[in-house]
Amino acid sequence: MPTLEDIRACFSGDRFATEAAGVEIQAADPGHSVCTMAIRPVHLNANSVPMGGAIFTLADFAFAVAANGHSTSVTVTQQVSITFLSPSHGKTLIAEARCIKAGRTTCLYAVDVTDDLGAQIAHLTVNGYTMAPRPEK
């Protein structure tokens, strides 16, 4: 079973989320993850709150970690529904992804995004598609 450090090393290859957006993996268990993103000026929209794309990047990455961190297969996002609930005025966004149902080739996850002030920022449902085993590196 991979350690948290193994999972972080694996997902360091997702450079947009980890380098450009600054997402960090805090916890990763089969079907569950918690990821955080410190809010920086680059994440803000014209209203000085985190833009939807930054929030979505964090949430989609949390799904990827939860679905793939402990798997020998590759699961990709097939369809997402996102509801933005309130703007964040905090300093950090937190995304928690959890598996609702996992089948042979499809899965359903819920991802909740909050901030360090306790505000509910967004809720996502993610349908994933599980493909062939992960290629060897």
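Tutor: A salt bridge is counted when a side-chain nitrogen of Lys or Arg lies within 4 Å of a carboxyl oxygen of Asp or Glu. By that criterion, a search of the whole structure, which is a predicted model, finds three salt bridges.

One of them joins the side chains of Arg8 and Glu5, with an N to O distance of 2.6 Å. Both residues belong to helix H1 (residues 4-11), where they are three residues apart, about one turn of the helix. Arg8 is partly exposed, its relative accessible area being 30%.

Another links Glu19 and Arg15 through their side chains at 3.0 Å, N to O. Because these two are four residues apart in helix H2 (residues 15-20), about one helical turn separates Glu19 from Arg15. Glu19 is partly exposed at a relative accessible area of 48%, whereas Arg15 counts as exposed, with 54% relative accessibility; the cut-off for exposed is over 50%.

The side chains of Arg98 and Asp112 also meet in a salt bridge, at 2.9 Å from N to O. Here Arg98 lies in strand E4 (residues 92-102) and Asp112 in strand E5 (residues 106-115), so the pair ties together parts that are 14 residues apart in sequence. Arg98 is partly exposed, with a relative accessible area of 33%, and Asp112 is partly exposed as well, with 26%.

As a general point, side chains of opposite charge can pair when their charged atoms come close.

Definitions and conventions
Residues numbered from 1 in each chain as written. Predicted model: local features only at pLDDT ≥ 70, side-chain atom pairs only at ≥ 80, totals over all residues. Heavy atoms only, no water. Buried < 20%, exposed > 50% of the residue type's maximum accessible area, 1.4 Å probe, protein only.
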